[in-house]
Amino acid sequence: MRTLIYSAFVSLDGVVDSPGGGTTTEAHRSGGWTFQDLEFLPEAYEIKGTEMQEAGAMMFGRRSYEAFSPVWPDMEDFTVVKEIPKYVVSTTLGDDGLVDDWGPQVILRSLDEVEQLKQGEGGPILVAGSAELARNLSDAGLIDRYHLLVFPVVLGAGKRMWSETDKDKQMLKLLDSETYANGITKLVYDVVR
């Protein structure tokens, strides 16, 4: 069985929206909040490189795929994931919406298909961005691990990491944590089943 990991930059009030700046179709009033007002410390972001090195596949919701796919294939920072499979969970994206030259890409049409993918063989599946998808995966009990970089900021608005769905309490087991001089805290949790 494969491990499904949700990786996120998150504010203290749970916002994961537009950490790198947002898009023209999904602007956020605080877009780019991860790179504003904080000293850049490379060690605070080491987890991002490590998780991409270890990923056996990546998964996106449609909106995040459409934001990342035009730029990530040609970015040196993301060459490590160029040839691993990319899965897009969408009921609306067609095959003609997939970009060329970014390795294998498959559209999954339901959370049942995500669950089937998890049952197969292979390395961890890393979910990047994709707030709506992550909430749905969490609500369905499909996320196995969280890689969180918590920023010392309260944004007050934006897409939240957690849904408002009334569901049973979910315990998490802390695997790793570290706080950096700029106030960012790394938290790695396994979901307790």
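How many nonpolar, polar and charged residues does the lining of the second largest pocket have?

## Basis of the model

This is a predicted model, in which local features need pLDDT of at least 70 and side-chain atom pairs count only at pLDDT 80 or more, while totals for chains, interfaces and linings use all residues. Residues are numbered from 1 along each chain as its sequence is written, and side-chain values use heavy atoms, with hydrogens and water left out.

## The second largest pocket

The lining comprises seven nonpolar, three polar and five charged residues. Here Ala, Val, Leu, Ile, Met, Phe, Trp, Tyr, Cys and Pro count as nonpolar, Asp, Glu, Lys and Arg as charged, and the others, Gly among them, as polar. Helix 4 (residues 131-139) contributes three residues, the most to this lining; helices (H or I, at least four residues) and strands (E, at least two) are DSSP runs, numbered from the N terminus.

A pocket is an open set of points on a 1 Å grid over the protein atoms alone, where a 1.4 Å probe fits, with protein on both sides within 12 Å along at least five of seven lines; lining residues have an atom within 4 Å of a point. The second largest pocket holds about 190 Å³ of space, a volume being the space filled by probe spheres set on the points, which are joined across faces, edges and corners. Of its 15 lining residues, Ser138, Tyr146, Lys167, Gln170 and Val191 are the closest to its centre.

## Leu175

Leu175 belongs to strand 7 (residues 172-179). Beyond its neighbours within four places in sequence, Leu175 is in contact (heavy atoms within 4.5 Å) with Arg145, Val188, Tyr189 and Asp190.
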